[in-house]
Amino acid sequence: MNKKKIIPFINAENEVPASVVNLAERYSCEGADGLFIYNYSGDEASRDEFIATVRKIEKIIDIPFMVGVYVERFEDAKKALYTGADKIVLRKALLPEEKELKEITSRFGADRLAIEVDMKVDFQTSEKLDEFYEAGIGTVIVKHIDTTERFIKAISETKMDVIIRDGLIRNDLAELLSYDTVEAVSTNYFEDEEKDIFKAKRALKNNGVDVSVFESLIDFDDFKLMDNGLIPVVVQDYVNNDVLMVAYMNKESYSKTIETGKMTYFSRSRQELWLKGETSGHYQYVKSLMLDCDNDTILAKVRQLGAACHTGSRSCFFKELAKKEYVESNPLTVLLDEYKIIMDRKEHPKEGSYTNYLFDKGIDKILKKCGEEATEMVIAAKNPDSEELKYEIADFLYHMMVLMAECGIDWDDITKELINRR
């Protein structure tokens, strides 16, 4: 059975977009299992601004999110899902016309659609909820709930996946998550920075609720420590694997790291625990911890806010000692570097550059070249000589990246979309 989830909701109506983005990023760092971000304003300008805000959020978070938006036409739903959202949440009181709804459900499927219902306004029995399920909507978000026998029966017998929206957690969180059909509780309780999601999840775990928390699979006493009782920790950026720094942990700092999800070390110079980022705000949020084959070194992959180094550098490793020239062949690195060169040409034009020629001619010329290169790639694939195909694929990828740059998307956008399709 899937683990139970805590999914904070963010009401973006009448909120400054930057505040919404910052709150979403904090939730993503501090233990949320997902997000529900909504703005059901009906006017076009508000919808467009909200969609733009969600796109910004998608670029900086690494947890699934649902988008609640006013949907009048199929295109409204498509725009919302194309932000990278895991689901679109329709509001029962604002459902589109039946024809539009059928087009949305047939195009996207039940797994990508949820409906929010207000149990105080119109109580939904399991039979009523199942009507949404039969219409092609897989998840229901119920708000303004009570925990009476009638409510428990409704959510327990429905075919839908159930998320309970409970503002400020007015009901017992463990009880809400104990029902079999309830996969998550969505709340704004953790909007207060004093409220700790990790702490709440650990309490749930201790209460017998199966939630995702950090747990060490090997006891610290089984680590091979240095003579001073410390173990070195090599810290990497979890996205690009850049080595950020090396620090040390003792048993207490390791336990704090597991408990809080923030990298906590033991400072050898100060002889005290050191929560990375406590004074600078440059926290390191744990993504994974690995132990080497000799049990004497930890490899930590983290989300680094700001700089890892006290000098202000992203990484502590920036002093070159010796280097032999070599050809970088890591596909990801090569594509990222090539895209950076293309973006540099766009921002700093260079006379005689073919890339700048394409940008100067505009989108139609770029699209024409993409079409031509795609055709040449297809023709080359019919030729048994793979050398020609490699050349044509490389040519197509280059022109495709020029198109990406022209349209304002990057490799992060593409890889996230591929992940969403798994």
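Modeller: By class, the lining of the largest pocket in this predicted model has 19 charged, 15 nonpolar and eight polar residues. Asp, Glu, Lys and Arg count as charged, Ala, Val, Leu, Ile, Met, Phe, Trp, Tyr, Cys and Pro as nonpolar, and the others, Gly among them, as polar. A pocket is an open set of points, on a 1 Å grid over the protein atoms alone, where a 1.4 Å probe fits and protein lies on both sides within 12 Å along at least five of seven lines; lining residues have an atom within 4 Å of a point. Residues are numbered from 1 along each chain as its sequence is written, and side-chain values use heavy atoms, without hydrogens and water. Local features need pLDDT of at least 70 and side-chain atom pairs 80 or more, while totals for chains, interfaces and linings use all residues.

The space in the largest pocket is about 1,600 Å³, a volume being what is filled by probe spheres set on the points, which are joined across faces, edges and corners. Tyr238, Val239, Asp412, Thr415 and Lys416 are the closest to its centre among the 42 lining residues. Two or more lining residues come from each of α2 (44-60), β14 (298-304), α10 (331-347) and α14 (411-420); helices (H or I, at least four residues) and strands (E, at least two) are DSSP runs, numbered from the N terminus. The largest share, seven residues, is given by α14.

With 17 residues, α2 reaches 25 Å from its first C-alpha to its last, close to the 24 Å expected at 1.5 Å a residue, where the expected span is 1.5 Å times one less than the number of residues. Arg47, Phe50, Ile51, Thr53, Val54, Ile57 and Glu58 of α2 are buried, that is, under 20% relative accessible area with a 1.4 Å probe and protein chains only, whereas exposed is over 50%.
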